[in-house]
Amino acid sequence: MSEEIKLFTREELKCRNSREDAILIIHNGVYDVTKFLDEHPGGEEVLLELAGRDASEPFEDVSHSSDARSLMKKYKIGELVEADRTPSKAHVATWDNDTRQEPGKCVLQ
């Protein structure tokens, strides 16, 4: 039996931005980080500043570790409805061996 994924709209999440109810959107996933505020290595202020909004770009800008990404799973409570999703961008550079490239250059997918 598979567990059904709870879907949220951006509109209903935008007011969930307090210390008592802090939600982040990261790559179309919805995370309840309320219980993580005191544990966040960067401080609760960083999370509260982005609460209720899409934090995908700031999350990637910090270059979170694989451990941090794994820990996120514990706080995921759902996903955005299809209409509110943003196209995901690959964050991993891959080499394209079919074309000549300048040294040190890679193709982002």
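Q: At what N to O distance do the side chains of Asp 21 and Arg 16 meet in a salt bridge?
A: This is a predicted model, in which local features need pLDDT of at least 70 and side-chain atom pairs count only at pLDDT 80 or more, while totals for chains, interfaces and linings use all residues. Residues are numbered from 1 along each chain as its sequence is written, and side-chain values use heavy atoms, with hydrogens and water left out. A salt bridge requires a side-chain nitrogen of Lys or Arg within 4 Å of a carboxyl oxygen of Asp or Glu. For Asp 21 and Arg 16, the N to O distance is 2.9 Å.

Q: Is Asp 21 buried, partly exposed or exposed?
A: Buried means under 20% relative accessible area and exposed over 50%, with partly exposed in between (1.4 Å probe, protein chains only). The relative accessibility of Asp 21 is 24%, so this residue counts as partly exposed.

Q: How many residues apart in sequence are the parts tied together by Arg 19 and Glu 44?
A: Arg 19 and Glu 44 form a salt bridge whose closest N and O atoms are 2.7 Å apart. Arg 19 lies in the loop between β2 (17-18) and β3 (21-26), whereas Glu 44 lies in helix α2, so the separation of the parts in sequence is 25 residues. Here helices (H or I, at least four residues) and strands (E, at least two) are DSSP runs, numbered from the N terminus.

Q: Which residues are linked with Lys 76 in a network of salt bridges?
A: The side chains of Lys 76 and Glu 79 meet at 3.2 Å, N to O. Lys 76 is partly exposed at 37%, whereas Glu 79 counts as buried at 18%. The residues linked with Lys 76 in the network are Glu 79, Glu 82 and Arg 85.

Q: Which residue in β5 is the bridge partner of Phe 8?
A: Strand β1 (residues 7-8) runs parallel to strand β5 (residues 76-80), and two bridges join them. The partner of Phe 8 in β5 is Leu 80.

Q: Which residues does His 40 touch, not counting residues up to four places away in sequence?
A: His 40 sits in the loop between β4 (29-32) and α2 (44-50). His 40 is buried, with a relative accessible area of 15%. Contact means heavy atoms within 4.5 Å, and the residues that His 40 touches under this sequence limit are Val 46, Leu 47 and His 64.

Q: Which residues lie nearest the centre of the largest pocket?
A: On a 1 Å grid over the protein atoms alone, a pocket is an open set of points where a 1.4 Å probe fits, with protein on both sides within 12 Å along at least five of seven lines, and lining residues have an atom within 4 Å of a point. The largest pocket is lined by 20 residues, and those nearest its centre are Phe 36, His 40, Leu 47, Phe 59 and His 64.

Methods
Two strands pair if DSSP finds at least two bridges between them.
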